[in-house]
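Please look over the sequence and the model below before reading the notes that follow them.

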Amino acid sequence: MDKKGYSDNFGKVIAKYLDSDEGRRAVANKIVQYVSNEVEASDLSGLILDKVYVKLGDQYEWIHRSKLKAYWSEPGSYAPRTSMTQRTFRIPTKLVAAHPEYEIGLLKAGRYGTVQEQVIAAKDAIIGEINAMVFNTLIGSYSAANTNFATCTVTGAGSAANAIATLKAALDKAIRWVKDRPGGAKSIVCRGTTADFMLDFSNANNNVFSPNMVDEMMRKGVVNNYRGVPIVALPQYLDAFGKATIPPNYIMVCGHGIGKVVVEEEFESLQGIDVDT
C-alpha cells in the first residue's frame, strides 16, 4: 500500500492483505506511519511549550534552574557564585492511543470509506487529546507567582462594543506583563472561536490592524498574531464520552520556557487479540 492509494477505498486497498497475520500487520504499520506524519504536521504543542523527544524507555528529568545573577565588584576579585540547580523532577508519561475496530466482512465490502478518512479520524482524535491535555495543564498550573504566564477571562460587559474593549484591554495588559519578563512572550493560546473576538478589535480602535491585515483576516477568518505574538487557536474537542475539553472563556499569554512537552517514542501499532477485527 503506497501513497497513491491514500484516497482509494480502505477495504479495496487492503483486501489482498487481510488473509494473513503478516499482511494485516504490514497494513497496520503503514497506516500508523501515515497517522504519525499527520499528527506531527498538525501538532501545535511545540508552539506553546518546548517540545522534547526522548528514546523509548528513557525518563526525562527537568532541572528547573535558578536565574544566573551578575554582580559589580572590584577588578581582580571574584563574583559571588550562583547555585544553578533549584529543583529537579521527572515528567510523568502517559500513552495516548486510538483503537479503531473494523469488522472484516464490512471492511472487504468497502463500508469504511477511504484510507485518508481513517488516517484523518485517528489524527483528529489524538491531536484533540493532546491539545486538551496541554490547554488544561496550563490552566491548572497558573498562579500569580508564575512570572511568564498570564490569563484573561473572556466575559461580556454590557454592549458588544464594551465587551470587545474590555477584552482588548485585558489582553493588552497580559501581553505587556509577559513581554516584560525574561524571554518575552511566545504565544497567545485560546479556542478558535475566542480568537474571533480579535477580528473586532479594529471596530473598537481603528489603529489596531492595518487595512491590509483587516482585509486578509476577514477573508480567511483567522488572526495569526496580535502585537507581534503568534496566536495558537485550538478547535474544540469532544472526548470519548462526548464532553467538551477546551473551555472557551480563557486566553493565555505564554512566555518562553513555561514548560515542556515530552514525546517518549514514535507511533507504533499494537497487535490486538480479537481475530475477527
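This is a predicted model: local features need pLDDT of at least 70, side-chain atom pairs count only at pLDDT 80 or more; totals for chains, interfaces and linings use all residues.

## The largest nonpolar core

The largest nonpolar core is made up of 31 residues, and those with the most contacts inside it are Ile48, Leu138 and Val189. At least two residues of this core come from each of helix H1 (10-14), helix H2 (21-42), helix H5 (115-141), strand S7 (229-234) and strand S8 (250-255), and H5 gives the most, with 10 residues.

Val189, one of the residues with the most contacts inside this core, touches Ile48, Phe135, Val232, Leu234, Tyr250, Ile251, Met252 and Cys254, when residues up to four places away in sequence are not counted. In soluble globular proteins, nonpolar side chains tend to be buried together.

## Strands S5 and S8

Strand S5 (residues 185-191) pairs with S8 in the antiparallel sense, over five bridges. S8 is mostly covered, with five of its six residues buried.

## Ile63 in strand S2

Ile63 is found in strand S2, which spans residues 61-65. Because its relative accessibility is 29%, Ile63 counts as partly exposed, given that buried means under 20% and exposed over 50%. The C-alpha atoms of Ile63 and Phe89 are separated by 6.7 Å, although these residues are 26 residues apart along the chain.

Technical notes:
Residues are numbered from 1 along each chain as its sequence is written. Side-chain values use heavy atoms; hydrogens and water are left out. A nonpolar core is a set of buried Ala, Val, Leu, Ile, Met, Phe, Trp, Tyr and Cys residues joined through side-chain atoms within 4.5 Å. Buried means under 20% relative accessible area, exposed over 50%, partly exposed in between (1.4 Å probe, protein chains only). Helices (H or I, at least four residues) and strands (E, at least two) are DSSP runs, numbered from the N terminus. Contact means heavy atoms within 4.5 Å. Two strands pair if DSSP finds at least two bridges between them.
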